[in-house]
Structures are given as structure tokens and as C-alpha cells.
Amino acid sequence: MLTVGMLAPAELRSRLSGDGLVLRTGPFTNLIRSDVPHLIDTVALMYADYPVEPGGGFADFHLDYRRSRGLRRWFRSQVHFAYDGSTPFQPLPLAQAYPMLEWTMNWCVSHRAHGYLIIHAAVLEKHGRGIILPAPPGSGKSTLTAALLGHGWRLLSDEMTLVRPDDAMLVPVPRPVSLKNASIDVIRAFRPDAVLSRPVEETTKGTIAHVKAPRDSILRAGEPVRAACVVFPRYEAGADLALTPLPKARAFMELADNCFNYQVLGARGFAALGELIDTSDAYTFRYSSLPDAMALFDRLAQGAA
Amino acid sequence: MMSPSKALPLLVRVLRDPGVAVALDAAGWDLLLRQADAANLDALLLVLLEDAGLLDAVPAAPRAHLEWTRTAAASHAQAVRHEVRQIQRALQGLGLPLLLLKGAAYAMAGLDAGRGRLFSDIDILVPKSSLPDVEAALMMHGWITTHHDAYDQRYYREWMHELPPLQHARRGNSIDVHHAILPETAPVRPAPELLRAAARPIAGQPDLATLAPADMVLHSAVHLFFDGEFDKGLRDLVDLHRLLREWGAQPGFWDALPARARALELGRPLFYALRYCTRLLGTPVPPAVLAAVAPAGPNAALLWLMDRLFDRALLPLHPSCADAFSGLARFALYVRGNWLRMPPMLLARHLFHKAFLSPAKHADA
């Protein structure tokens, strides 16, 4: 299997600036083109272990990132995103090219891939047990996810939990984990082994850096998982660890609220979410210490809370 | 007449003959779905392949995309039915039949043109004298105006044939309330009373109505060939194609169509509709009908030019369908569209306002 890391830098550059690099992320193929040098370098770093599909075939998504031309090339240069020739978003400062790639790749899935019920949630697996972490921004979901990846957990996704409507199985689409502001240094200290992209300042979400997905998670992207737990995390400085059972009806409603396409799937989405909740335990989870959280999640992986 | 040649974009060849898709390789499917997506015809592509019994021949990856589209289209159809019921509820005290236009009409009447057609606004036609009541009733039920700029309000209310679009505060869906099918400022003004008088109830839904078959075709033609924006040009042409196919099978339709176009002063848009439907999509139109509308067409020199423009602007808005003149053709038709809707001085004033005054105001805000 050819991976991005096997391509010589010149070959990667020539694919990205030519007919496109066809990157496989879980069930999807992304045809990516770009002439932004630092974006190419970051893709080489963060996607080194991802499969590359041959060009000239079918791709699910067609993404293009170009730097400004003319005067703008030299003064306040920007990155322009195009989806197969159309431009759904305003350009961003050139330094934000990589975060833009990540969220436009998410956008492609959440707006198009209605073959899945898509929950805005991180999802991990250990010992065959899938744990879903839905949460609003600021709850510490991604920090927790990045930390767990250093403790034997497999990443299915940091942003989008894909639920197969027919059997409620969770389909992996492992991608880099997005960290914001203070979390970046927290993870650098907690997981010195983690590979991080260069922090990008002054985005709409503050400073952003991404953590590379573990190689094993990428290799096992073809292995779906059954959900065992739905855990709504909340980081609270100085708070004691607390795992509190959540009534299933509440958990169902909260998950439905966190879906990108619950309305689009209609009755099938309702049924899939129902099956998922039926087979899962649901909790709210408050934490302040990452080591304590790691120990508790290990108990969840053993099936004992 | 153009023959179905290799020169036509892949999507157009598949619209003419879905069997073309069977021979596609992976790269062909990639291009077909991208063109369909750009033209907002991906859900229709699914309908055509399914009707032709070809769905099982589609390779797994493009098939998955088509199934994603099925889900989105089903949800859209359900949302349209719900929204129409809500509008009905809001207007039930006014004693007017709810006369639906375009996409909502095709969908609610169960027409072929409504299958696999996704749209964002619901269009209705009401008597001009009822506009204040209709607007008030819709506002009472949660629809609010979207254009707060005083100039925009005046533009719609004085010159256009519709209220400024109303958007529901909670559901976000939009409704366009029309009192005519062309602006007040256009050179021809098909009498809305004639359209309303000929309207037909939808079978099984007595409070809902659509335009009569010929009027539905003429309105679709006006909408496409009087407008300046062709982003969805091919989708609109496909509407005409499917309406003509379905109504054309009914006795009397073809005989009545040219005469009705003359009565409503819409001979020219009908001429263009039939010309480009047959040229691009191979729509079957009886030769006698083509002959009957021929006098409504432009002179040979203008027709030569229009062919050059429409043959480009009616293709999918996708890089693979563009040539060196596509941008120019779309711009020329944009100018033409505005020209047809307003007399020259008013147009000059409108474009001046849009170019200089509106942006300055938004910059201040």
C-alpha cells in the first residue's frame, strides 16, 4: 500500500500542484490540489501514514487550495479554497491554510455523506469497545481525545462520529486531532511523543495545532466498532473526577442535538440513534486531571465503570 | 439541429440517454457526478438511472454518492410538504386557493419534473390586491422580510413582480410571493388574471392549485429565458424537458401551447424553450408546433448570437464544461436579463445603485 510518507517530497509536491493527490481517509477519497508550500509540508507531516490512491479514477471530494495571485501574492497573501471549481467560503490568511484544509475536509463529509448519521463527537476504541465523546467546543473533548491516544486507545475520529444506519456500527474516519489554545501545551507536556503541526495563531478559534493520528488507527480505519458508551465530558479546573449516569432519553436528545444530519436522515436517523443508545451506557463526565481521566477510561474499556 | 455528439458534456449525454452511463469507467463516473453536482442535478441523475433499471450497474463509490443524494432528496421532499402545509395554515383565512409555482408545484402535483428536483424557495402566485393581506398573514405566522435596505424594498415593491423574499424566523425556509410572472417594468406583462383563471386544483388536495399545463410550461420558459442568471440553467431546461414530455403525452396539449403563448405575449420565450430543449436534450416536439412558434423567434443574425450564448450558458456550471467564451456568454446574458426586465434608464439607475451605493452602505454598517 502506497502512503504519503513513501512519496519523495518532489513527487508529493508535483502531485499536489498537478493532477492532485488522492488521499484516503477512512471510507472517503479526497483529491487535493495546492500550490501553498507550507500546506504541502504540513500534509507530508500529518498525513505521512495515510494511503494514497492512484490518480485518474473516482474521488469522493475535490478540494483545491491556492494562494492569492497579483498584488495579494506579496501583500497579506491569502489561501483560496475551491470545491471542484466553486468557492463556498471566503479566503483566509495564508498562514491558516492547514486549518482550512482540515475543516473543509470535515465540511465535505458533514454536508454530503448522508449514508451515515454524523454526530459532532470524538470517538475512540479500546478492547473492542467504542466510546463516543460528544461535546460543545471548550469542553475539553479534543484534549481528552489526544491524551487517550497515548494510552492505547484507537482513534476513529476527533470531530465526526459516523454511524452506519443499518446496524449502528461506528465507521472510522481517523484524522488529525485539533487542539486549541492552552490545550496545545497541555498535550505537549502530557504526551511528549505526540507529533504536532506548527501552531497557527489568530484563527477564529484562537491558536490551533493538530495532533497526528496514531499510525495503528490509520491502518485499522477499515474496522468498524460497536458503541459501548456515550460520555459527555466537561473540563473544570480543580474539580474532582465525577462520572454520573445519564438517563438514556436525555442522552438520546443530546446526541440528536449534536448531529450534523439527523433531520436529513429522518426516520432512519431516529432508528440508528435509538439502536446506538440501546446498546450503550451514557454518562456525564467531569474532570480536571488527565492521569485520573486515563485511569477511569481504562475502567470503561474493561466494561466496568 | 445539434446531433448528440461527443461534443456535448457527459452529463447532457446521460440526460439524453441514461444508457451512456453503463460504459463509464471510474474517471467517467467521477466527471459525471461532478457535473451533476455543479448543475444541481445529482438527485435527478439517481431518478434517471433508477427508472432505466441501471442502478445496479453503477460501481460502488459513485453508487454510494447517489444513495447519499437519495437521502437528501427524500428529506427535501418531506420538508417541502411540511412547509406547504404551514403556508396553507397561515393563509387559510383569506379564502384564496394556494397557487403554487415551479418546484413546489411540480413536487406537490406529483409531476415527473418534481422527482429528484431540489430547490430552496417556495413560490406562490396571489392576486395583487391580496398582497397586503397575504404578507400580513405570513408575518403573523413567523415569516419575516429578508431585505431591510430601503432601496431593496422599493426595488421589489415598485418594480418587481414579487414581494421581497420572506424567511421563516424559526425554520429558515423562504417563500416568494408573486403577483405576476414578470416584473412590472418588463416590456411584456402576461396577464396574471388569465393565469389564475386557468389554474387547476391538485387532485386529492382541493386547497392547492397549480398553473394549467401550458401556463406551467410558459412560466418555466419565462423564468429561464427572461432571467439573467444561468447557474441553474441546465436544471431549468431539464424542468422544461420533463414538463413537455409529460404534458406532451396528453391530448390537446401541443395544439393549445402556441396559441396560449401568443395570448400571453410569451411567443419568444416559448420559441427559445423549444429550440434549446430539442437542441440540447433531444426533447420530442411535433414539427407542426416548432413551425407554429418559428415566427416568434428572432432574426437570423440574433439567433446565431443567441445560439452561441445559450449553448454555453445552459451547460453545467463546471470547469469541464467551460471554454474561452463561457464567462463572456454568461455575462452577456446577465446584462440581457436585466435589460429585458427594466427600461434602460431604470436599469442604469438600478445598476448604479447596486454597484456604488449599496456596497458603500454595507461598508458603513
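**Entry 1: chain B overall**

I started with the secondary structure of chain B and found 16 helices and seven strands. Both are DSSP runs numbered from the N terminus: helices are H or I with at least four residues, strands are E with at least two. Before going on, I noted that this is a predicted model, where local features need pLDDT of at least 70 and side-chain atom pairs count only at pLDDT 80 or more, while totals for chains, interfaces and linings use all residues. Residues are numbered from 1 along each chain as its sequence is written, and chains are lettered from A and ligands numbered from 1 in the order in which they are written.

**Entry 2: chain A overall**

Next I looked up chain A, which comes to 10 helices and 17 strands. Its radius of gyration is 19 Å, close to the 19 Å that the rule gives for 305 residues, so chain A is as compact as a globular protein of that length. Of those 305 residues, 48% count as buried.

**Entry 3: a sheet in chain A**

I then traced an open sheet of six strands in chain A, in the order β3-β1-β2-β4-β5-β6, with mixed pairing. Two strands pair if DSSP finds at least two bridges between them. The edges are β3 (52-53) and β6 (92-93) of chain A, each pairing on one side only. Inside this sheet, β2 (residues 28-34) and β4 (residues 61-67) of chain A run parallel and are joined by five bridges. Which residue of β4(A) is the bridge partner of A:Leu31? I found A:His62 there.

**Entry 4: where the chains meet**

Last, I checked the contact between the chains (C-beta atoms, placed from the backbone, within 7 Å). Chain B brings 18 residues and chain A brings 17 residues. On the side of chain B that touches chain A, α2 (26-38) and α4 (60-91) of chain B each supply at least two residues. The most come from α4(B), with 10 residues.

How values were computed: Two residues are in contact if their C-beta atoms, placed from the backbone, lie within 7 Å. The radius of gyration is taken over C-alpha atoms; the globule rule is 2.2 Å times the number of residues to the power 0.38. A residue is buried if 20 or more other C-beta atoms lie within 10 Å of its own, exposed if 12 or fewer, and partly exposed in between; C-beta atoms are placed from the backbone.
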